[in-house]
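Subject: Structure handover

Hello,

Here is the structure for your review. My notes follow below it.

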Amino acid sequence: MFSDTTSAIIEFLLQEKPVVTFRNNKPDSHLIDISEVSEIESALKHALAKPNDTMVAIKKFILQTHPYFDGKSSERVIDATIHFLTKDKSHLKSKPWNLIRKWKMRKLLNYYTLKSYDKPITIKEYQLEKK
């Protein structure tokens, strides 16, 4: 892959493929960063050869970025979400009122109501049965 600075670089690196970047704002050892247009062709050839030092750096980056390869990441996110929803949230600070933004949005949407949702939502009697 040849890019400057984009989030797609990470997705490409997760496939254990080298990336050549042009004036990247955070160059590191897992990227082959160049700063001159004349270096593009040689950098791409270097990347296609999959140099050992770059590949080792890519593998280290992958372990730091996404350490799980068991296919259960979504399950962990759902479990953490349910755990958060079921526990007491009285220790959390309330959100700022931000009255000006609220007034602008209500005026834009022509939505004026007296309802207010000041308390965080908590599921008290919810149990997750794991299979």
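E41 and K45 are both exposed (exposed means over 50% relative accessible area, buried under 20%, partly exposed in between, with a 1.4 Å probe and protein chains only). Their side chains meet in a salt bridge, 3.4 Å from N to O. The term covers a side-chain nitrogen of Lys or Arg within 4 Å of a carboxyl oxygen of Asp or Glu. E41 and K45 sit about one helical turn apart, because they are four residues apart in helix α2 (residues 40-48). Helices (H or I, at least four residues) and strands (E, at least two) are DSSP runs, numbered from the N terminus.

Before the rest, the ground rules. This is a predicted model, in which local features need pLDDT of at least 70 and side-chain atom pairs count only at pLDDT 80 or more, while totals for chains, interfaces and linings use all residues. Residues are numbered from 1 along each chain as its sequence is written, and side-chain values use heavy atoms, with hydrogens and water left out.

How many salt bridges does a search of the whole structure find? Two. Besides E41 and K45, the side chains of D70 and R76 meet, at 3.0 Å from N to O. D70 is partly exposed, at 44% relative accessibility. R76 is partly exposed too, at 31%. Side chains of opposite charge can pair when their charged atoms come close.

Helix α2 also holds H46. H46 counts as partly exposed because its relative accessibility is 39%. Leaving out residues up to four places away in sequence, H46 touches I32 and P51 (contact means heavy atoms within 4.5 Å). I32 is 14 residues from H46 along the chain, and their C-alpha atoms are separated by 8.7 Å.

Now the whole chain. The protein chain has five helices and three strands. Along the sequence they run β-α-β-β-α-α-α-α. The chain has 131 residues, and 18% of them count as buried. Of the contacts with a separation of 6 or more, 40% are between residues 24 or more positions apart. The chain exposes about 11,300 Å², with 57% supplied by carbon and sulfur atoms. Accessible areas come from the Shrake-Rupley method with a 1.4 Å probe; for residues, only the protein chains shown count as cover.

Which residues form a nonpolar patch on the surface? M105, L108, L109 and Y111 do, with about 450 Å² of accessible area together. Patches are made of residues with over 30% relative accessible area and no salt bridge; like charges are joined within 9 Å, nonpolar side chains (Val, Leu, Ile, Met, Phe, Trp, Tyr) within 5 Å. L108 lies in helix α5 (residues 99-109). L108 counts as exposed because its relative accessible area is 65%.

N110, in the segment after α5, has a positive phi near 55° and is not glycine. N110 is exposed, at 61% relative accessibility. E16 also has a positive phi, near 60°, in a residue other than glycine. E16 lies in the loop between α1 and β2 (20-22). E16 is partly exposed, with a relative accessible area of 38%.

Best wishes
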